[in-house]
Amino acid sequence: MDHHQYRHALAARLEASELAFPVSEFEARLARVRDAMREAGLDALLLTDPADIYYLTGYNTFEVSVHTCLVCSAERLMLQVPSIETGPAVVTARVDELLGYRWEGIGEVIEPLADTLAPFQAIGLDLYGAGLRHGVLRELQARLGAERFRDDGGELLDRIRIVKSAAELACLRESARITSLGLEAATRVIAAGMQDSDVAAEGARAMLAAGSEFMSMQPIVTTGRRISIIHVNHQRHRIAPDEPIFLEFGSAYRRYTAPMMKTVVAGRATPAMLAWRDVCRDLFETLCATMRPGNIFDDAARAAESVLEPHVDQVFFSGVFGYAVGAQFPPSWVEGSGYVARGQQRQFEADMVFHLPLCLRVPGVWGVGLSDTVRVTANGAEPLTDNDWQLNECSS
């Protein structure tokens with residue numbers, strides 16, 4: 001049978017059988033998005049980011065490198081997927097119309113997509129998001145007119161996604177629980193002489209055993225001076241005695257990730273390591289006190305910068321004190337809807353959720369990183385993860 005016959009045969013038995021949330025959750029999300037579209041004067045949204053599509057429909061797959069798009073209008077949701085994604089689309093998504101195209105025939109997406117968009121005069125795009133292929137957009141603009149397309153679709157959805165519902169918070173709490181189990185398991189096995197890859201393997205095993213889905217980023221483990229190099233990962237390096245080991249894990253539960261960082265020492269921590277641990281903890285406490293409704297992201301960043309200022313000549317810090325997290329797909333668990341950093345003028349709202357990645361790196365020497373994922377409340381940010389903010393010391 002071809003993919004059209006497959007779709008109908010599968011739908012007869014399993015249509016929407018693996019929805020991640022009750023229908024009422026998706027209806028509430030869709031109502032908020034459609035209200036925002038009306039206010040913005042948009043007739044439709046053309047969405048290609050896998051996380052945005054998941055947010056509105058539940059569509060869930062590990063194959064996010066192929067062209068997939070969702071057209072959201074006031075009346076309908078249309079999902080376009082390649083033939084190899086027919087199964088996930090039928091089973092996990094809640095949409096009004098499903099359009100398939102041959103996986104090997106990317107050119108087949110244009111005509112049916114143009115026909116779907118033809119009735120709409122104002123179509124919102126996310127030009128900075130994932131998955132929007134230049135060739136597809138060029139062909140659509142040639143057929144329909146570039147003037148129909150606007151670039152504010154991503155911002156519209158970000159404003160909605162950054163505030164989490166009760167169902168989303170429950171997923172983030174479960175991810176936090178699983179993430180903690182992975183970090184505990186990895187910490188238990190750390191010893192001088194073992195490889196960083198073995199530590200990562202134990203953490204991954206524990207998270208998968210506890211129920212994590214495929215993760216948006218794999219466990220991050222670096223040792224010694226490699227901690228000072230931002231965004232490298234385990235690579236069969238041996239752990240030296242009294243060396244720090246940096247761990248950053250994030251399990252996925254219904255695609256939601258609550259990451260956490262820890263630093264463990266394969267022996268005894270030095271006074272310098274403990275001092276940088278204290279700076280990380282001071283940063284965290286300052287941020288949590290400032291991240292409350294009424295303050296803007298820039299307020300929290302400036303407060304944290306005042307803690308970091310005496311040390312800026314000694315350590316490298318990324319400049320982002322927090323980033324929003326929620327439902328994501330590889331290659332990252334960063335939601336992209338908000339950053340706690342200098343110049344960011346968005347206002348905190350209750351039930352926003354951020355990971356606070358506080359890692360201080362001494363170039364060429366080592367680094368110390370600790371973090372929690374936190375929820376914004378009326379009284380400030382409160383942790384969803386359970387970091388003890390200590391440097392665990394492991395005997396060799």
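Modeller: Let me start with a cut-off: a residue is called buried under 20% relative accessible area, exposed over 50%, and partly exposed in between. Please keep in mind throughout that this is a predicted model.

Biologist: Why is the pair of Arg94 and Glu27 called a salt bridge?

Modeller: The label requires a side-chain nitrogen of Lys or Arg within 4 Å of a carboxyl oxygen of Asp or Glu; the closest N and O atoms of Arg94 and Glu27 are 3.3 Å apart, and therefore the pair is a salt bridge. The two residues belong to distant parts of the chain, 67 residues apart, with Arg94 in the loop between helix 4 and strand 4 and Glu27 in helix 2. Glu27, with a relative accessible area of 42%, is partly exposed.

Biologist: How do you know that Asp52 and Arg161 are buried or exposed?

Modeller: Asp52 has 4% relative accessibility and Arg161 has a relative accessible area of 3%; since buried means under 20%, Asp52 counts as buried, and Arg161 is buried as well.

Biologist: How many salt bridges does a search of the whole structure find?

Modeller: The search finds 27 salt bridges, including the one between Asp152 and Arg150, whose closest N and O atoms are 2.6 Å apart.

Biologist: And what makes a set of residues a nonpolar core?

Modeller: The residues must be buried, of the nonpolar kinds such as Leu, Met or Phe, and joined through side-chain atoms within 4.5 Å. The largest nonpolar core has 37 residues, and Met291, Phe321 and Phe354 have the most contacts inside it. Among the elements that give two or more residues to this core are helix 10, helix 11 and strand 10, with helix 10 giving the most, eight residues. A second, separate core has 26 residues, among them Met37, Leu42, Leu70 and Ile160.

Key
Residues are numbered from 1 along each chain as its sequence is written. This is a predicted model: local features need pLDDT of at least 70, side-chain atom pairs count only at pLDDT 80 or more; totals for chains, interfaces and linings use all residues. Side-chain values use heavy atoms; hydrogens and water are left out. Buried means under 20% relative accessible area, exposed over 50%, partly exposed in between (1.4 Å probe, protein chains only). Helices (H or I, at least four residues) and strands (E, at least two) are DSSP runs, numbered from the N terminus.
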